[in-house]
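The sequence and coordinates are shown first.

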Amino acid sequence: MTHDPHRRDLISRTFLTTFGAPPDLWCRAPGRVDLMGSHTDYNLGAVLTLPIGRDTWIAARANSTRTVRLHSLNLGADAAFALDATGKCADHPWLDYVHGVARMLQEDGLSVTGFDGVIHSTVPLRSGLSSSAALECAVATVFEALGGWQLAPLQKALLCQRAENRHVGVNCGILDQFTSCMGQQGCALLLDCRDLSSHAMAIAKGIRIVICDTRAQRELTGSEYGERREQCETGARLLGCAALREVTPEHFAAHAHELPASVAKRCRFILEEHARVYTLAAALTTGERDAIRQLTAASFDGACHLYEIASPAMHAMMAAMLAAPGVIGARQAGAGFGGCMVAFVEEAQVEAFATAVRSHYLAATAVEPEIYPVTAAAGAERIGQNEEEAK
Ligand code: ADP
Ligand code: MG
């Protein structure tokens, strides 16, 4: 991905026209897809997550001021903010993701420098592949390179999460920023959100991960996400635990009937989904197709009937994925309510799968979906200087 010459040319040319000089620093950070573990992160459970080759690039140049000036190629927008300001940006909400990172870095006593930057992302925006974390983590990497200090990747992830929680105002868990900072090329990550430990794991040969984008966008700041979070917190409290992660299946079975019905459904989903993360991780490593099929089906079933985050577009996509050649299993991804879904597909049949899903979904919804395989990419990084010089 970092060798894509067209992308580099586009960004370089835009930088030159916007700021009148070439960039001298390039950073990138990936989006992610969860292979199992919907909404488990803020319940301190486990997630099987994949940092993907779709990523956000920022080309930058220090500008010797206390202002950050940005152009987003995705939005076709220019905007700027003062590093010393603390308020949100009413005209350009997207700037808050960048400004939030600058604020948190300064709160932690790190020096930040004004810069000019062009942003370009191949992560679709607001589609559940975490373009917001990719932007935050790429920005933190730019400040890091310009400031001459370095954060450990986990610290960077926590800081970017804090920026999204406190400055942007989205109460997300750690999944997105963790994956974007801690990604390793070629590996899925089995993340434990309680102690923030993770294990890199390879996916069995012959199985490809395919993103199936419904093109029905969702809003994470919408009330559903916060409502699910509150219901989980209520459930944990009523069950006498700090987080649902602490609730054992036995304890839940004994006390579920004491919970309000909707809260019990949410809790049941989280407990089952958390357990599925480990069984899917094992099945993906050894390539047990039947287990992958069953676990992904159970995950989507829970998303529909227990967590209630499935939308009509997601049902249409699920039907298209399950009817396509080469499919091993399929489920929701991200927060749900539209956006992207994920399929596990036999490598030799990825193209046939994509063609079939496209026509089936288009016929059912009159919407052209986007279907593409992804591979595991490295986490947030400065794009190599050798590469820059070779250009
Ligand atoms: P997701 O993280 O699933 O893509 P979010 O709603 O959490 O969805 O974050 C999307 C928001 O992040 C966008 O609406 C925009 O404000 C900001 N954003 C992400 N990538 C970019 C980009 N390349 N340029 C400008 N803003 C971006
Ligand atoms: Mg996001």
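## Two serines with positive phi

Ser64 lies in the loop between strand 2 and strand 3 (67-72). In this predicted model, the phi angle of Ser64 is near 55°, a positive value in a residue other than glycine. Most residues other than glycine have a negative phi. Ser64 is exposed, because its relative accessible area of 75% is over the 50% cut-off.

A second case is Ser130, with phi near 70°, again positive and again in a residue that is not glycine. Ser130 is placed in the loop between strand 5 (115-121) and helix 3. Is Ser130 buried or exposed? With a relative accessibility of 6%, Ser130 falls under the 20% limit and therefore counts as buried.

## Helices 3 and 4 and the loop between them

The loop between helix 3 (131-147) and helix 4 (153-168) contains Ala152. Its relative accessible area is 42%, so Ala152 is classed as partly exposed. From Ala152 to Ala264 the C-alpha to C-alpha distance is 39 Å, for a separation of 112 residues in sequence.

Lys156 belongs to helix 4. Lys156 has a relative accessible area of 5% and is therefore buried. What does the side chain of Lys156 make a polar contact with? The partner is the side chain of Thr141, at 2.8 Å. Residues up to four places away in sequence aside, Lys156 touches Cys137, Ala140, Thr141, Glu144, Leu151, Cys181 and Ala380.

## Arg103 and its surroundings

Arg103 is part of helix 2 (residues 95-107). Apart from neighbours within four places in sequence, its contacts are Ala85, Thr86, Arg166 and His167. Thr86 is 17 residues from Arg103 along the chain, and the two C-alpha atoms are separated by 7.0 Å. A polar atom of the Arg103 side chain lies 3.4 Å from the backbone oxygen of Thr86.

## Salt bridges

The count of salt bridges comes to 23. In one of them, Arg28 pairs with Glu381, with 2.8 Å between the closest N and O atoms. This pair links distant parts of the chain, since Arg28 is in strand 1 and Glu381 is in strand 12 (residues 381-382), 353 residues apart.

Another salt bridge joins the side chains of Glu346 and Arg289, at 2.8 Å from N to O. Here too distant parts of the chain are linked: Glu346 is in strand 10 (residues 340-346) and Arg289 is in helix 9 (residues 289-305), 57 residues apart. Glu346 is partly exposed, with a relative accessible area of 22%, and Arg289 is also partly exposed, at 25%. Salt bridges that share partners also join Arg103, Glu107, Asp108, Arg162 and Arg166 into one network.

## Contact between the two domains

The chain is divided into domain 1 (5-35 + 47-200 + 378-384) and domain 2 (203-374). Their centres, taken over C-alpha atoms, are separated by 27 Å. In the contact between them, 23 residues of domain 1 meet 29 residues of domain 2. The two domains bury about 2200 Å² between them, 56% of it on carbon and sulfur atoms. Leu35, Arg126 and Arg194 supply 28% of the area that domain 1 buries against domain 2, more than any other three residues.

How many salt bridges are counted between domain 1 and domain 2? The count is 4. The side chains of Asp34 and Arg331 meet in a salt bridge at 3.3 Å, N to O. Glu246 and Arg194 also form a salt bridge, with the closest N and O atoms 3.0 Å apart. Glu246 is in the loop between helix 6 (223-238) and helix 7 (249-255), and Arg194 is in the loop between strand 6 and strand 7 (197-201), 52 residues apart. Glu246 is partly exposed at 36% relative accessibility, as is Arg194 at 42%.

Between the domains there are also 7 residue pairs in polar contact. On the side of domain 1 that touches domain 2, the elements giving two or more residues are strand 1 (25-36), strand 2 (46-62) and strand 6 (188-192). Strand 2 gives the most, with 5 residues. The residues on this side divide into 13 nonpolar, 4 polar and 6 charged.

Notes
Residues numbered from 1 in each chain as written. Chains lettered and ligands numbered in written order. Predicted model: local features only at pLDDT ≥ 70, side-chain atom pairs only at ≥ 80, totals over all residues. Heavy atoms only, no water. Helix = DSSP H or I, 4+ residues; strand = E, 2+ residues; numbered from the N terminus. Buried < 20%, exposed > 50% of the residue type's maximum accessible area, 1.4 Å probe, protein only. Domains from an automatic or database assignment. Contact = heavy atoms within 4.5 Å. Buried area = accessible area lost by both parts, 1.4 Å probe. Polar contact = N/O pair within 3.5 Å; in protein donor to acceptor, adjacent residues only side chain to side chain. Nonpolar A, V, L, I, M, F, W, Y, C, P; charged D, E, K, R; others polar.
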